[in-house]
Amino acid sequence: PRHLLSWGKFLFLNNRLKIVYFVIYLYIIFINSCMGINKFIIGCLILGLQGCRPKVTMDIPEINPLKITKSIDQIDKYVNRVEVINLSSPDSIVVTGITKLLLDKKGNFILMDGTRLYRFSNKGEFQRQYGNVGRGPGEYLKIYDISLNEDHTELWCLNHMNAIIKYDLATGKYIETVSTHSPKLKIPNASALIPADDNGFYLYVPNPSDESNLKNPFYCLKRFDKKGKLVEEELLRMDFNINMNMIPFVTQNFDNTYLLKPQENENICYCISNHGLSKKVKIHFGNENIPPLFSFQNVQNPWLNLEKFMASDYFKLPFNIQETKKKLFLSAFGPYNRIYYFLVDKDIMQGINWNSGDKFETTPFFIVGSDEEFFYGVFDKYLDPSVNTENLDPMLAYLMTVQHLHLNEDDNPIIVKIKFE
């Protein structure tokens, strides 16, 4: 349809827009044959369609979690339902510290446990392990992130060389390793892996090799085709992006999309789907939001300000952003190293928040996944049942006192499904 746009541009549209354009083209032909007013109609349609093209700059919801939520000390009355899933495995398989959880289309769990990758059924039964530590085909020395391809037939793993190791999700069989290295392309270690269309993928690289350099443009989100060729770069770095193991940059969303946590000094959570990158929500804590470039105050190396950054009396680093159909959940670091949790009803844009408190008996309970109804967390606290629960965050205290969760030394962690009121 040369009247509407060039064939080159037409080929790069997503499938839905191609269909829209094709239908409009047929309509133009019909009207033209009946009325002979081709130029007039085409001109009107072009003007109208210019506003229909999706843009990353479109308006998005903006929330201040502190203003739309109320602080609570007990969470009991806000919980609708809890399901506890015990992970059973052979004696040779010991799950110790789950650092990432994915759900496939059947609700099975794909777990990253340090350098080990497992799949458990939605009932908690062990199904298989993927790969092993080593230097051979299908092996790895370290895994930074995992994701599923678009149709959930393959498990993809990001290794320490920015290569993607692929396994058949059903059988565990090694498929291939896709390298992203070339003589002219030098990319620091990526921290997150996200699937793209046509078996391509995104790598999220929080900072360049010279982390203190803000003068030279650096784009954090890099898209590769299925052969590992760099095809696009997005998301200009505007500040030092703190990279910590406990703070995942990307989370799997309930609708087979992925959510990218806000970069420092931007405050925008992005959604990545097979249609590309789009803005999801702006998360800002108003006057209590940490100021831009705080990490660079009086230092050239931003890591030297990490302790000052974390202990500051500002809110920062929103992470673990998860959604169900009706709820939005996120964590953030608040004043004096406290971790805050925000749960928002998306219909009324109101909700609750709670925090980890000042007395750390153990690490808090984290929400790490979601489906249409439930949020998923990992209970991995090997605590004495007589521990003073007043020193625990409200969610963890609820699970121990009301749900009576407890782990013995030889137990695997427990997957906890939570549906909120």
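A pocket, in the sense used here, is an open set of grid points with protein on both sides within 12 Å along at least five of seven lines. In this predicted model, the second largest pocket has a volume of about 930 Å³. Its lining is made up of 35 residues, and those nearest the centre are Thr 99, Lys 100, Asn 245, Met 246 and Pro 248. Several strands give two or more residues each to this lining, namely strand 4 (100-103), strand 10 (143-148), strand 18 (250-252), strand 22 (316-323) and strand 26 (367-370). Sorted by class, the lining of the second largest pocket holds 17 nonpolar residues, 13 polar ones and five charged ones.

We can turn next to the strands and their pairing. An open sheet is built from four strands in the order 14-15-16-17, with antiparallel pairing. Strand 14 (192-195) and strand 17 (230-236) each have a single partner strand and stand at the edges, so one side of each has no neighbour in the sheet. From one strand to the next, the twist averages 20°. Within this sheet, strand 16 (residues 219-224) and strand 17 run antiparallel and are joined by five bridges. For a reader wishing to find this pairing in the structure, a handy landmark is Leu 221, which stands opposite Glu 234 in strand 17.

Strand 3 (residues 79-86) is joined to strand 28 by seven bridges, and here Val 84 has Val 416 as its bridge partner. Strand 27 (residues 375-379) pairs with strand 28 over five bridges, again in the antiparallel sense; in strand 28, the residue opposite Phe 375 is Ile 418.

Helix 6 (residues 394-401) is largely enclosed by the rest of the structure, because seven of its eight residues are buried, where buried means under 20% relative accessible area. The buried residues run from Pro 394 through Met 395, Leu 396, Ala 397, Tyr 398 and Leu 399 to Met 400. Among the elements that cover them are strand 3, strand 27 and strand 28, together with strand 25 (350-355).

Methods. Residues numbered from 1 in each chain as written. Predicted model: local features only at pLDDT ≥ 70, side-chain atom pairs only at ≥ 80, totals over all residues. Heavy atoms only, no water. 1 Å grid on protein atoms, 1.4 Å probe; cavity = no way out; pocket = protein on both sides within 12 Å on 5 of 7 lines; lining within 4 Å. Points joined across faces, edges and corners; volume = space filled by probe spheres on them. Nonpolar A, V, L, I, M, F, W, Y, C, P; charged D, E, K, R; others polar. Pairing = 2+ DSSP bridges. Axes fitted to C-alpha atoms, helices over the stretch in contact; angles between N-to-C directions. Buried < 20%, exposed > 50% of the residue type's maximum accessible area, 1.4 Å probe, protein only. Contact = heavy atoms within 4.5 Å.
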